[in-house]
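Please examine the sequence and structure shown below. The briefing that follows is arranged by topic for a reader new to this model.

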Amino acid sequence: MAVRAVRGATQIDADEREQVLEATAELVDEVLKRNGLVPDDLISVVLTATPDIKCEFPAYAARMAGLADVPLLSATEIDVTGAMPRVIRLLAHVETDLTRAEIKHAYLRGAAALRTDLPH
C-alpha cells in the first residue's frame, strides 16, 4: 500500500450554490470511480476554487457528497490573469496499491481543457 496523490478539476457555468454542490459531487465521485477508491481510502482532500466562486465552500460540497469523516480543506486558487474562470480543483491524498502511472486524474466539463494531455 502506498500514499498517492490524485488530481481533478471541474468548471461551473455560474457562481451558484447548486452548481458548486453538483459539480463537486460529480468530481469526487469520478475521482473515486476512476481509481477504484472508496472514501475510507482517502487520507485528506484539498479543494480550491477560483476567486470568482464565492457562493459555497467546495469542501462543504464534498462533505455533502459523502466524505463525512475525511479531512477536507477549501482554499482560493491564486488569481492569475487570463486563467480559466469558475474552476474547482481537487488534490486527494489516498492509500492505494495503484502505481503513480496507474492513477487516473479527472478533469471534467470545461476544465478538461486544462489537461489536454490526459484521456477524458
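Asn 35 sits in the loop that joins helix H1 (17-34) to strand E2 (42-49); helices (H or I, at least four residues) and strands (E, at least two) are DSSP runs, numbered from the N terminus. The model is predicted, local features need pLDDT of at least 70, side-chain atom pairs count only at pLDDT 80 or more, and totals for chains, interfaces and linings use all residues. Residues are numbered from 1 along each chain as its sequence is written, and side-chain values use heavy atoms, with hydrogens and water left out.

**Asn 35**

- Asn 35 has a relative accessible area of 6% and is therefore buried (buried means under 20% relative accessible area, exposed over 50%, partly exposed in between, with a 1.4 Å probe and protein chains only).
- Its side chain reaches the backbone oxygen of Val 31 at 2.9 Å.
- Leaving aside neighbours within four places in sequence, Asn 35 is in contact with Val 6, Leu 98, Glu 102, Ile 103 and Lys 104, where contact means heavy atoms within 4.5 Å.

**Annotated binding site**

- The UniProt annotation "binding site", from an unreviewed entry, covers Arg 7, Arg 89 and Tyr 107; UniProt positions are given in the numbering used here, feature names are shortened, and annotations may be inferred rather than shown by experiment.
- These residues span 101 residues in sequence, yet no two of their C-alpha atoms are more than 8.8 Å apart, so they gather at one spot.
- Arg 7 belongs to strand E1 (residues 2-11) and, at 30% relative accessibility, counts as partly exposed.
- The side chain of Arg 7 reaches the backbone oxygen of Leu 90 at 3.1 Å.
- Apart from neighbours within four places in sequence, the contacts of Arg 7 include Arg 89 and Tyr 107.
- Tyr 107 lies in strand E5 (residues 106-107) and is buried, with a relative accessible area of 5%.

**Cavity**

- The structure holds one cavity of 30 Å³ or more; on a 1 Å grid over the protein atoms alone, a cavity is a set of points where a 1.4 Å probe fits but cannot get out, and lining residues have an atom within 4 Å of a point.
- The largest cavity has about 30 Å³ of space, a volume being the space filled by probe spheres set on the points, which are joined across faces, edges and corners.
- Its lining consists of Val 28, Val 31, Leu 32, Leu 42, Val 45, Leu 67, Leu 90 and Ala 92.
- H1 gives the largest share of this lining, three residues, while H1, E2 and strand E4 (87-96) each supply at least two.
- By class, the lining has eight nonpolar, no polar and no charged residues (Ala, Val, Leu, Ile, Met, Phe, Trp, Tyr, Cys and Pro count as nonpolar, Asp, Glu, Lys and Arg as charged, and the others, Gly among them, as polar).

- Gln 11 is found in strand E1 and counts as buried at 16% relative accessibility.
- A polar atom of the Gln 11 side chain lies 2.8 Å from the backbone oxygen of Pro 85.
- Not counting residues up to four places away in sequence, Gln 11 touches several residues, among them Arg 86 and Arg 109.
- Most residues other than glycine have a negative phi.
- Arg 86, in the loop between strand E3 (72-76) and E4, has a positive phi near 55 degrees and is partly exposed at 24%.
- Arg 109, in the segment after E5, has a positive phi of about 50 degrees although it is not a glycine, and at 36% relative accessibility it counts as partly exposed.

Definitions and conventions. Polar contact = N/O pair within 3.5 Å; in protein donor to acceptor, adjacent residues only side chain to side chain. 1 Å grid on protein atoms, 1.4 Å probe; cavity = no way out; pocket = protein on both sides within 12 Å on 5 of 7 lines; lining within 4 Å.
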